[in-house]
Amino acid sequence: MAELRFDGRVVIVTGAGAGLGRTYALEFASRGAKVVVNDLGGTRHGDGSSSNAADGVVDEIRQKGGIAVANYNSVLDGEKIIKTALDNFGRIDVVVCNAGILRDRSFPRISDQDWDLIHSVHLKGSFKPAQAAFPLMKKQSYGRIIVTSSNAGLYGNFGQANYSAAKLGLVGLAKTIAIEGAKYNIFCNAIVPTAASRLTEDILPPDVFKELKPEFIAPVVAYLCHESCQENGSIIEAGAGWAGKCAILRSNGALLRSSMTDNVNVEKVKDNWSQITDLSKARVLGSIQEATGVLMESIESLQNDANTSDLNNSDVFEY
Ligand code: NAI
């Protein structure tokens with residue numbers, strides 16, 4: 001198979017001074033992209049800043065013959081990161097929103113400050129650079145955006161209520177950017193990584209840690225950002241050299257009223273609970289229209305029942 005290249009493409013990776021972001025930046029650069037290595041260079045809890053992290057990765061890329069420039073802004077200053085790309089390379093093709101921090105606390109102990117900071121860095125810190133790049137991508141009818149979710153967001157995780165909420169929020173962000181961007185050839189997907197980094201060094205057991213190289217995830221992200229990849233609005237999980245697609249399922253459900261004039265009450269909900277929650281015939285729905293379509297079908301089936309019974313009654317009457 002021909003090598004998948006990014007020659008002529010300009011790629012921004014946020015939080016690229018370490019961990020996953022570093023490996024993404026190296027992967028893109030090794031395949032010909034011009035890369036903006038953004039990193040604020042603070043601690044894993046989001047304190048402080050330093051130019052060292054971004055500079056180190058830019059040096060690494062240049063030593064390997066690649067092209068890269070550093071940006072030291074916080075992701076909250078998305079426009080400034082976009083400006084660095086435009087000033088140095090004149091265009092933007094890919095934005096990988098990857099920067100992240102942790103403020104883990106059990107739910108009752110989360111302070112407003114920790115809640116707000118986590119939401120700022122992860123959610124707003126993805127919204128800002130992606131939104132600043134969007135009009136440029138629209139003008140050139142091409143763009144690829146990645147946001148970074150987490151299994152903590154998809155499934156919850158003890159001590160990470162703030163982080164989980166923000167990370168699932170990013171799935172919603174990706175799905176809506178995907179809908180709005182599709183007609184301009186702007187695709188957006190959410191990556192769910194599991195990798196050894198400073199964010200996971202005290203969570204993962206050492207023997208597992210060494211098998212979770214971020215380098216295993218970088219090619220998945222790079223493929224999602226390649227012009228040949230048509231994936232859009234998806235949640236792609238990757239780690240340990242494995243990758244798969246995640247989705248939200250809906251059960252077949254149960255109709256809780258038997259006629260148009262019937263009401264729903266708590267007892268009917270209880271009676272139908274096993275059917276409401278039975279996932280054995282669950283489906284993945286492709287859009288909000290498909291989801292609401294099922295509700296419309298329920299109304300139609302009740303209306304049809306009502307019409308049939310009217311017809312039957314009138315038949316009986318006329319006869
Ligand atoms: P990391 O701590 O090694 O790298 C994150 C980078 O983001 C750091 O270099 C940091 O300086 C930078 N950063 C933090 N706040 C910033 C800001 N406001 N502006 C610019 N840069 C900022 O962490 P890792 O593991 O590489 O995480 C990358 C992303 O992947 C994060 O969004 C994280 O939540 C997510 N993730 C990681 C998982 C893992 O297993 N490592 C699991 C699930 C999600």
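A residue is called buried here if 20 or more other C-beta atoms lie within 10 Å of its own. The legends below refer to a predicted model.

View 1. Strand S5 covers residues 143-148, and six of its six residues are buried, so the strand is largely enclosed by the rest of the structure. Gly-143, Ile-145 and Val-147 point one way from S5. Arg-144, Ile-146 and Thr-148 point the other way, and these are buried as well. In a regular strand the side chains alternate between the two faces of the sheet.

**View 2. Strand S4 beside S5.** Strand S4 (residues 94-97) runs parallel to S5, and four bridges join the two. Val-95 has Ile-145 of S5 as its bridge partner. Between S4 and S5 the chain passes through helix H4 (residues 112-140), forming a β-α-β crossover that is right-handed.

**View 3. Strand S6 beside S5.** Strand S6 spans residues 186-194 and pairs with S5 over six bridges, in the parallel sense. Opposite Ile-146 stands Asn-189 of S6.

**View 4. The whole sheet.** Eight strands make up an open sheet with mixed pairing. Their order across the sheet is S3-S2-S1-S4-S5-S6-S7-S8. Strand S3 (67-71) and strand S8 (242-246) are the edge strands, each pairing on one side only. From one strand to the next, the twist averages 20 degrees.

**View 5. Strands S2 and S3, with helices on the sheet.** Strand S2 (residues 34-38) and S3 run parallel and are joined by five bridges. Val-35 has Ala-68 in S3 as its bridge partner. Helix H2 (residues 52-63) lies across S2 and S3, and runs at about 175 degrees to S3. Helix H6 (residues 161-181) also packs on the sheet, where it touches S5, S6 and strand S7 (235-239). The direction of H6 makes about 160 degrees with that of S6.

**View 6. The shell around the ligand.** The ligand is surrounded by 32 residues. The closest are Gly-15, Gly-19, Ala-99, Gly-100 and Ser-197. Helix H1 (19-30), H4 and S6 each supply at least two residues of this shell. H1 gives the largest share, three residues. By residue type, the shell holds eleven nonpolar, 18 polar and three charged residues.

View 7. Ser-141 sits in the loop between H4 and S5. Its phi is positive, about 50 degrees, although Ser-141 is not a glycine. Most residues other than glycine have a negative phi. Ser-141 counts as exposed because it has 10 C-beta neighbours inside 10 Å, and the limit for exposed is 12 or fewer.

**View 8. Ala-240, between S7 and S8.** The loop between S7 and S8 contains Ala-240. Ala-240 is another residue other than glycine with a positive phi, here near 60 degrees. With 14 other C-beta atoms within 10 Å, Ala-240 is partly exposed.

Terms used:
Residues numbered from 1 in each chain as written. Predicted model: local features only at pLDDT ≥ 70, side-chain atom pairs only at ≥ 80, totals over all residues. Pairing = 2+ DSSP bridges. Right-handed = clockwise from strand over helix to strand, strands pointing away. Axes fitted to C-alpha atoms, helices over the stretch in contact; angles between N-to-C directions. Contact = placed C-beta atoms within 7 Å. Near = placed C-beta within 6 Å. Nonpolar A, V, L, I, M, F, W, Y, C, P; charged D, E, K, R; others polar.
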